[in-house]
Amino acid sequence: MICAKTLKTAQRYGRANGMVPFSFAGIDFAASPEGALYWPARSALLLADLHLEKASFFARFGQMLPPYDSIAVATAVAAAVTRTGAREVWCLGDSFHDAQGCERLPEDARRVLRGLTTATRWTWVAGNHDAGARAIVDR
């Protein structure tokens, strides 16, 4: 059975704007096509497995990938924050592809992430790929 609160979420974050509303354990969420999860009651955007600097990691071993992955991901996160009006962002692990990913992060991606971490209540949760990565806001 769908409750009135879920219907209200569906109207605001429904398929018309690309988000799929659903309820889990009595809590309303909206999933985006990009893989983000929006929690309207907290105005929070939940993200996982961003794997920033994955292309530069592989380039060290001769597997060349376009070097724009980090700025593309940071820009997509910024767009999701704007689209949802999120006041909180939770990065739930594996934000960087490896422990040195933060060190290799290009200045344009670093600038976007700094802006986001300043504009929102940002929480980094370390995953197995994040060991040793330093917080981007400390730079």
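Gly35 sits in the loop that links strand S2 (27-31) to S3. Is this residue buried or exposed? Gly35 counts as exposed because its relative accessibility is 61%, and the cut-off for that class is over 50%. Along the chain, Gly35 and Leu46 are 11 residues apart, and their C-alpha atoms lie 9.2 Å from each other in space. The model described here is a predicted one, and its confidence is taken up further on.

Gly35 also belongs to the second largest pocket. Rolling a probe the size of a water molecule over the atoms shows where empty space is left. The volume of the second largest pocket is about 210 Å³. Its lining is made up of 13 residues, and those nearest the centre are Glu34, Gly35, Ala36, Leu47 and Val77. Which helix gives the most to this lining? Helix H3 (residues 69-84) does, with six residues. Sorted by class, the lining of the second largest pocket holds nine nonpolar residues, two polar ones and two charged ones.

Leu47, one of the residues nearest the centre of that pocket, leads on to strand S4 (residues 44-47). In a regular strand the side chains alternate between the two faces of the sheet. In S4, Ala44 and Leu46 are on one side, while Leu45 and Leu47 are on the other. These four residues are all buried, and both faces of S4 are covered.

Strand S4 pairs with two strands named here. Three bridges join S4 to strand S3 (residues 37-39), and this pairing is antiparallel. Within S4, Ala44 is the residue that stands opposite Trp39. Strand S5 (residues 88-92) and S4 run parallel and are joined by four bridges. There, Leu47 has Cys91 in S5 as its bridge partner.

The hairpin of S3 and S4 has four residues between the strands. Ser43 is found in this loop. Although Ser43 is not a glycine, its phi is positive, at about 50°. Ser43 counts as buried because its relative accessibility is 5%, and buried means under 20%. What does Ser43 touch beyond its neighbours within four places in sequence? Its contacts there are Tyr38, Gly85, Ala86, Arg87 and Glu88.

Asp49 lies in the loop between S4 and helix H2 (54-59). Its phi is about 55°, and Asp49 is not a glycine either. With a relative accessible area of 45%, Asp49 is partly exposed, whereas Ser43 is buried at 5%.

Ser70 counts as buried because its relative accessibility is 1%. The chain places Ser70 and His51 19 residues apart, yet their C-alpha atoms are 8.1 Å from each other. Setting aside neighbours within four places in sequence, Ser70 is in contact with Leu52, Glu53, Leu105, Pro106 and Ala109.

Another part of the fold involves strand S1 (residues 20-24), where Val20 lies. Is Val20 buried or partly exposed? Val20 counts as partly exposed, because its relative accessibility is 31%. How far apart are the C-alpha atoms of Val20 and Ala31? They are separated by 5.0 Å, although the two residues are 11 residues apart along the chain.

Finally, there is the confidence of the prediction. The protein has a mean pLDDT of 80, and 74% of its residues reach 70 or more. Where is confidence lowest, and where is it highest? The lowest mean, 49, belongs to helix H1 (residues 4-12), and the highest, 96, to strand S4. Over residues 1-7 the pLDDT stays under 50, and the model has five contacts for them beyond four places in sequence. Residues 135-139 also have a pLDDT below 50, and this stretch has 12 contacts in the model beyond near neighbours in sequence.

Conventions. Residues numbered from 1 in each chain as written. Heavy atoms only, no water. 1 Å grid on protein atoms, 1.4 Å probe; cavity = no way out; pocket = protein on both sides within 12 Å on 5 of 7 lines; lining within 4 Å. Points joined across faces, edges and corners; volume = space filled by probe spheres on them. Nonpolar A, V, L, I, M, F, W, Y, C, P; charged D, E, K, R; others polar. pLDDT = per-residue confidence, 0-100. Contact = heavy atoms within 4.5 Å. Buried < 20%, exposed > 50% of the residue type's maximum accessible area, 1.4 Å probe, protein only. Pairing = 2+ DSSP bridges.
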